[in-house]
Amino acid sequence: MTEVAKGADATTDDLLLRLRNFQSDYFPLHQQRFQDLVADGQHPKTLFVGCSDSRLVPYLLTGAGPGELFIVRNVGALVPPYDGTYGLHGTTAAIEYAVLTLHVERIIVCGHSHCGAIRVAYDGAPAEAVALQAWLKLAEEALLPVQSCPEALRRTEQRVVVLQLERLMAYPMVRREVEAGRLTLHGWHYVIEHGEVHIFDVQQGRFVPASEASNSGTGPYAPYVEHDGQVFSY
Ligand SMILES: [Zn+2]
């Protein structure tokens, strides 16, 4: 590639420019940290299971930096059942790796408001999206027998988080570590428009805004019963 061509790329390809800016502007400020993480390896204490939604930014929410979050994201922040019923799963592999190899101390499952996955679970996916249709069956148990109104969607987003926590407890290595007191589970629902995470409180059986919560959430998780008992009364 000629110098002229390289120059042309940098002025017309914004993404290329951003890659160059990362190395020239950000990297020098944190170079030692990155190099330590290479020399010492990564030792993240948190597995973050989050929805793929572009508005959910785990590092911003948690104030984390390089080396601090082991992240797996998928449509809906869903956890496949441990029995492998649904075939090959990167999410399952990530959970096994985080718990058995990295020995993380906490697992966060983070859903969010206005989640497209939950809406599609109610309204249906395009016929061609066969993998998406199969995947969203992992949320099916949490759906309410109602039309997809905003209130039902919000409740469902939260119910789906709790369902995934229950499913996590069916992973033998997760249950073992939780029962040994070495691993805690955290169910979060991020309300994008308020900038606030609501935390599932297993004792109260409901989601509590972070501004009022006494902790960032811990398990194990009994089957979810909403505090007002209205979930199944539509
Ligand atoms: Zn989502």
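This is a predicted model: local features need pLDDT of at least 70, side-chain atom pairs count only at pLDDT 80 or more; totals for chains, interfaces and linings use all residues.
Trainee: Thanks! Does Gln-203 count as buried or exposed?

Mentor: Gln-203 is found in the loop between E5 and E6. Its C-alpha atom is separated by 10.0 Å from that of Gly-217, 14 residues apart along the chain. Because Gln-203 has 8 C-beta neighbours inside 10 Å, and the limit is 12 or fewer, its class is exposed.

Trainee: Which residue in the turn of the E5 and E6 hairpin has a positive phi?

Mentor: Let's start with the strands: E5 (residues 196-201) and E6 (residues 206-209) pair in the antiparallel sense over four bridges. Asp-201 stands opposite Arg-206 in E6. Four residues lie between the two strands, and the one in the turn with a positive phi, about 70°, is Gly-205.

Trainee: What is the order of the strands in the open sheet?

Mentor: Strands of a sheet pair through backbone hydrogen bonds, either parallel or antiparallel. Here the pairing is mixed, and six strands take part. Strand E2 (69-74) and E6 are the edges, since each pairs on one side only. Put together, the order is E2-E1-E3-E4-E5-E6.

Trainee: What angle does the direction of H4 make with that of E2?

Mentor: Neighbouring strands of the sheet are turned by 25° against each other on average, direction ignored. H4 packs on this sheet and touches strand E1 (46-51) as well as E2. Its direction makes an angle with that of E2 of about 165°.

Trainee: How many nonpolar residues does the contact of H4 with H8 have?

Mentor: Helix H4 (residues 90-101) and helix H8 (residues 172-179) pack at about 35° with axes 9 Å apart, and their crossing is left-handed. From H4 come Ile-95, Glu-96, Val-99 and Leu-100, which meet Met-173, Val-174 and Glu-177 in H8. By class, two residues of this contact are charged and none is polar, while the nonpolar ones number five.

Trainee: Does His-103 count as exposed or partly exposed?

Mentor: You will find His-103 in the loop between H4 and strand E3 (106-112). It has a positive phi of about 55° although it is not a glycine. Because His-103 has 13 C-beta neighbours inside 10 Å, it counts as partly exposed.

Trainee: Where is the place of His-114?

Mentor: His-114 has a positive phi of about 55°, and it is not a glycine. It counts as partly exposed because it has 15 C-beta neighbours inside 10 Å. Its place is the loop between E3 and helix H5 (116-123).

Trainee: Stepping back, what percentage of the 234 residues of the chain count as buried?

Mentor: The chain has eight helices and six strands. Of its contacts between residues at least 6 apart in sequence, 62% join residues at least 24 apart. Among the 234 residues, the share that counts as buried is 30%.

Note on methods:
Residues are numbered from 1 along each chain as its sequence is written. Axes are lines fitted to C-alpha atoms, for helices over the stretch in contact, and angles run from 0 to 180 degrees between N-to-C directions. A crossing is left-handed if the near helix is turned anticlockwise from the far one by less than a right angle, and right-handed if clockwise. Two residues are in contact if their C-beta atoms, placed from the backbone, lie within 7 Å. Ala, Val, Leu, Ile, Met, Phe, Trp, Tyr, Cys and Pro count as nonpolar, Asp, Glu, Lys and Arg as charged, and the others, Gly among them, as polar. Two strands pair if DSSP finds at least two bridges between them. A residue is buried if 20 or more other C-beta atoms lie within 10 Å of its own, exposed if 12 or fewer, and partly exposed in between; C-beta atoms are placed from the backbone.
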